[in-house]
Amino acid sequence: MGEKSGNPYDMDGPSFDADRYLQKLLKECSLKQIMDTEAGIVRQTQTLHSDMQTLVYENYNKFISATDTIRKMKTDFKSMETEMNLLMANMQSITDFSERITDTLQETRSQLTRLSGKHQLLKKLQFLSSLPAKLKTLIEEENYQQAVQEYSHAQKVLQQYGQQPSFQGIQEDCIKILDELKERLRGEFRQTGKSAQSLTEIGELLLQLDERPSTLAKEMLECASKRLHEQIVVLQDQTDRDMIEFIDLGIEGFLKDLTLVISSYNDMFLTRHLEQEADNFEQVARLDLNEFVNRNVDEYLALVQDRAELEIGHGDSQIILRGLDRLHRRMTAMRTLCRAVDMSKSGLDIIVGAAQQLCQAHMKSLKDHFADSLSSIRLALVSSNTVSTSNSGSASSSQSTSVTAGSGGQGIPASSGGTGSGGLRELISNLYISTIEKVKGLMQDLLIFLQPEWSFNLKSDPKGIQCIEGIRENLLVAFLRHFCCTVNGYGSISSTAPPTLLLVLSKVCLEMDRAGVHTLTALVDELYNIDSERSVTLVHESELCAEMRDSAQLLLDSYVRLQALNLSQMLRKSVETRDWLNCLEPRSVRAVMKRVVEEISAIDLVLGELYDGCTHAHGAGSRTTASSDSSRKTHFSSIGTSKQSQFRSTWSTYTPQSQMDSSFVSNMQRLFSEKIEIFAPVEFSKVSIITGIIKICLKTLLECVRLRTFSRYGLQQIQVDAHYLQMNLWRFVSDENLIHVLLDEILGSAVLRCLEPILMEPNAVEIICERN
């Protein structure tokens with residue numbers, strides 16, 4: 001920048017040298033370039049002249065106005081200077097005149113001062129002489145504060161000159177009047193019904209009249225306690241108001257009076273220095289105040305808590321919390337008055353209690369909703385069974401007659417699968433969805449305690465954190481465990497629940513284990529910002545899932561037990577009520593066997609809709625078609641040599657001339673056959689459930705056969721029934737060898753219990769079974 005400004009060849013710079021610039025152009029440029037430069041300079045010069053003329057034209061009026069203003073200022077300053085000189089002369093004459101007046105009135109001023117002092121003294125004497133009468137008048141008018149002020153003005157004079165005879169009578173009269181005033185003030189101080197402000201004013205007057213502070217402090221707290229208790233009694237009767245109005249009444253009444261008492265007590269006894277009291281008076285007075293505040297605040301908060309507990313679960317939670325928030329704000333503002341008492345903590349305790357109370361109310365609501373849902377399911381199952389029974393009554397009357405005859409005249413229980421599989425799926429879905437949505441709704445409702453608009457913050461307080469975690473544990477976890485406990489009760493041995501209900505509840509528990517528990521726990525952890533994964537005190541999701549799965553297993557085992565019990569009763573009665581020694585030659589399969597197959601088919605139909613496609617951890621699958629060829633051949637009459645021969649019945653070719661000991665053969669079979677767990681827990685699949693039912697039924701039939709004695713035709717009837725069961729039950733199990741083994745044992749036991757153990761020809765058995 002410095003180099004540019006000092007350049008002699010720069011026409012815009014201050015150091016421009018025209019001669020040198022011209023010389024440079026003549027040396028360096030051609031004639032044409034010099035002429036072009038000249039033309040450019042001429043154009044720039046014309047442009048500058050034009051711009052200057054434009055500026056002058058535009059600012060011409062401003063220049064004229066400025067000139068006129070300067071001319072006027074010169075004229076005004078000349079007139080102002082003349083006026084200032086005149087003012088100075090006038091001020092000087094005024095000063096001289098004032099000094100002459102002061103000198104003239106000097107002596108008169110001294111006399112006026114003396115007369116004024118005498119007048120003031122006479123006024124004081126007049127005030128003192130009229131003081132007793134004035135005090136009496138003020139006391140009669142109950143203007144106690146003015147009376148104390150009048151005496152306080154004269155107190156120093158009376159104390160100084162009270163021994164003189166002229167003032168002694170006045171002082172004695174004043175003392176008597178003040179003693180009467182003290183008694184009257186003490187009486188009003190102890191009087192019930194006085195407001196906190198009145199007590200404060202009376203206490204101040206008594207202190208000014210030299211009342212003993214320690215006694216007055218105790219009396220003030222006692223009287224204030226009575227007044228505050230009256231406020232509590234009034235609030236107890238406000239049952240027709242909502243929570244906000246109730247809290248506002250308490251704030252404007254009880255808390256306002258309490259605040260006034262605390263502040264007045266502090267001003268009267270704690271902040272001022274009281275010489276007539278002992279050194280520890282302030283400490284004792286502060287302890288008394290803290291005890292007074294704690295007692296009354298606890299009484300008031302207990303009333304608020306009772307009211308909140310009464311409202312929670314019945315009133316609007318938003319209104320209740322809005323009222324408690326107002327209380328918390330006021331209690332927080334009162335902390336500065338009495339620092340020894342954490343009033344905001346007390347208010348927060350009520351809010352935590354309200355949250356716990358609402359949590360308990362929601363827990364009861366969840367239990368009632370779950371109980372109602374279970375009742376609805378039972379009613380739906382009963383209604384469905386009634387409709388199913390009425391629709392099929394006429395069609396099954398003839399069949400029932402034949403079944404009754406075949407079972408010795410005893411009735412056969414109806415199938416428990418009355419509700420269609422579609423209806424069961426709907427019941428399961430309704431129970432699962434309604435339970436999940438109900439829990440979600442109540443969890444959302446409890447979020448009202450964490451809204452940012454409130455003055456309290458539960459997450460910043462240890463009790464609040466415990467309350468938030470308690471919502472998860474005491475509501476969600478407790479309900480899920482109540483869920484498990486309730487459904488487990490249906491699965492107990494003493495329960496009278498229908499089997500279909502057990503199947504529905506088992507499936508719901510499986511759904512809860514699969515998705516429901518995770519959905520609810522994840523929702524609660526997200527809504528309330530709980531890290532349950534890392535917590536050592538909170539119940540983990542996997543634990544709840546395990547409990548749900550255990551409940552599902554228990555219910556499913558109970559379902560298998562009940563269904564098997566119904567079928568087993570049919571089989572037991574059919575064996576126990578028949579005369580097996582006087583049987584006719586079998587021509588058909590007994591009706592009870594047909595009924596058993598029908599019942600198992602009905603159960604299979606229901607389970608197929610509910611459990612098809614379900615995969616189990618242990619890999620239980622459905623029945624394959626690889627062994628379907630064997631279904632058309634009697635297992636008890638087959639005489640093969642392939643690998644199936646190891647499962648062939650020992651009794652298929654039995655004749656009286658056999659040299660083989662039947663008992664020995666039976667024992668050998670049991671020794672080398674695989675042990676069958678009859679009452680083992682079933683898996684969550686259709687095949688496993690029906691297999692469990694069939695095992696119990698066949699085991700029942702086996703034990704019943706072992707207790708009877710058979711004739712030749714009785715044995716052959718058992719042979720026909722066993723072959724019919726083998727023909728129809730193989731498709732319901734994953735391993736048909738299990739059916740073979742149990743039926744072998746049944747027929748073997750019948751042979752052992754037979755007086756004339758001759759089996760029917762295999763072809764005849766097949767013809768009878770195929771005809772049926």
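**View 1. Lys507 is placed over the ring of Tyr611**. Lys507 lies over the face of this tyrosine, at 4.6 Å from the ring centre. A charge counts as over a ring if NZ of Lys or CZ of Arg is within 6 Å of the ring centre and within 35 degrees of the ring normal. The model is predicted: local features need pLDDT of at least 70, side-chain atom pairs count only at pLDDT 80 or more, and totals for chains, interfaces and linings use all residues. Residues are numbered from 1 along each chain as its sequence is written, and side-chain values use heavy atoms, with hydrogens and water left out.

**View 2. Helices H17 and H18 cross at roughly 170°**. The axes of H17 (residues 499-527) and H18 (residues 541-576) come within 8 Å. H17 is therefore roughly antiparallel to H18, a term for angles over 145 degrees. Their contact has 16 nonpolar, eight polar and three charged residues. Here Ala, Val, Leu, Ile, Met, Phe, Trp, Tyr, Cys and Pro count as nonpolar, Asp, Glu, Lys and Arg as charged, and the others, Gly among them, as polar. Axes are lines fitted to C-alpha atoms, for helices over the stretch in contact, and angles run from 0 to 180 degrees between N-to-C directions. Helices are DSSP runs (H or I, at least four residues), numbered from the N terminus.

**View 3. Asn529 occupies the loop between H17 and H18**. Asn529 has a positive phi of about 55° although it is not a glycine. Most residues other than glycine have a negative phi.

**View 4. Phe370, Phe479 and Phe483 form a cluster**. Ring pairs link these three residues, and a search of the whole structure finds six aromatic pairs. Rings of Phe, Tyr and Trp (its six-membered ring) pair if their centres lie within 6.5 Å.

**View 5. Met443 lies in helix H15 (residues 421-446)**. Met443 is buried (under 20% relative accessible area), with a value of 0%. Its C-alpha atom is separated by 8.7 Å from that of Leu475, 32 residues apart along the chain.

**View 6. Helix H23 spans residues 736-752**. Of its 17 residues, 13 are buried, so H23 is largely enclosed by the rest of the structure.

Terms used: Helices (H or I, at least four residues) and strands (E, at least two) are DSSP runs, numbered from the N terminus. Angles under 35 degrees count as roughly parallel, over 145 as roughly antiparallel, 65 to 115 as roughly perpendicular and the rest as oblique. Rings of Phe, Tyr and Trp (its six-membered ring) pair if their centres lie within 6.5 Å; planes under 30 degrees apart count as stacked, over 60 as edge-to-face and the rest as tilted. Buried means under 20% relative accessible area, exposed over 50%, partly exposed in between (1.4 Å probe, protein chains only). The expected span of a helix is 1.5 Å times one less than its number of residues.
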